[in-house]
Amino acid sequence: RMGVTMDDRAVNELWKFDLPARKWTLVSGGDDAGGDKEGPSARSYHGMAVDEAGRQLFVFGGCGASGRMNDLYSFDLDTLAWTAHGSHAACTGRGGAGLVVVGNQVCVLGGFDGGELGDVHVFDRASGQWSLPACTGNFPRRSVFGLAACGRYALYVFGELDPAAHGPAAARHFFNNPWALNTPH
């Protein structure tokens, strides 16, 4: 998004930052600067993660002009090409979901679809199939949280407990506890 209110314009730009040169370059999307029109539509509150090899960037869901989305795309960092992987019928459109790549699995965790979510959806990169794995434990529903892969674990940190009626600028109730999801890597 281009601002903090819900009516701000969403964008579909993918930029890279060259650390030594301290320079930004548009590599995909956008209306100008040579960006292509391939890949995900404009959105905000999407999940994004890179695989362990650092060769594929994944983008999931978020909020766009048509509402909350549940689509998954990958961007090949060598060829600079997008691939659409579709969506999982059991996974509602959502913003604020966590996305993490653990081995050959792309995991979508939680998010907000009008209420906080605590589900897990898995896209298997080898088969191209989605699944809804059975999970045990008492994981609290949450959205807009930090998430990272560490070996076969997806580590959650903090997140919104009670989303604000006026968007993220008014958020005020948060978790302060970390969680780990042991994936069948």
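The model is a predicted one.

Four strands form an open sheet in the order 3-4-5-6, paired antiparallel. Strand 3, residues 47–50, and strand 6, residues 81–87, sit at the edges. Each has a single partner strand, so one side of each lacks a neighbour in the sheet. From one strand to the next, the twist averages 20°.

Now strand 5, residues 67–76. Five bridges join strand 5 to strand 6, and the two run antiparallel. Within that pairing, Asp71 stands opposite Ser87 of strand 6.

Asp71 takes us to the charges. The count of salt bridges is four. I will go through some of them.

Asp71 pairs with Arg43, with the closest N and O atoms 2.8 Å apart. Asp71 is in strand 5, while Arg43 is in the loop between strand 2 and strand 3, 28 residues apart. Buried or exposed, Asp71? Buried, at 17% relative accessibility, because the cut-off is under 20%. Arg43 is buried too, at 4%.

Next, Arg125 and Asp51. Their closest N and O atoms are 3.1 Å apart. Arg125 sits in the loop between strand 9 and strand 10, Asp51 in the loop between strand 3 and strand 4, 74 residues apart. Arg125 is partly exposed at 25%. Asp51 is buried at 8%.

Last, Asp119 and Arg94, at 2.6 Å, N to O. Asp119 counts as partly exposed at 22%. Arg94 is buried, at 1%.

Methods:
Residues are numbered from 1 along each chain as its sequence is written. This is a predicted model: local features need pLDDT of at least 70, side-chain atom pairs count only at pLDDT 80 or more; totals for chains, interfaces and linings use all residues. Side-chain values use heavy atoms; hydrogens and water are left out. Two strands pair if DSSP finds at least two bridges between them. Axes are lines fitted to C-alpha atoms, for helices over the stretch in contact, and angles run from 0 to 180 degrees between N-to-C directions. A salt bridge is a side-chain nitrogen of Lys or Arg within 4 Å of a carboxyl oxygen of Asp or Glu. Buried means under 20% relative accessible area, exposed over 50%, partly exposed in between (1.4 Å probe, protein chains only).
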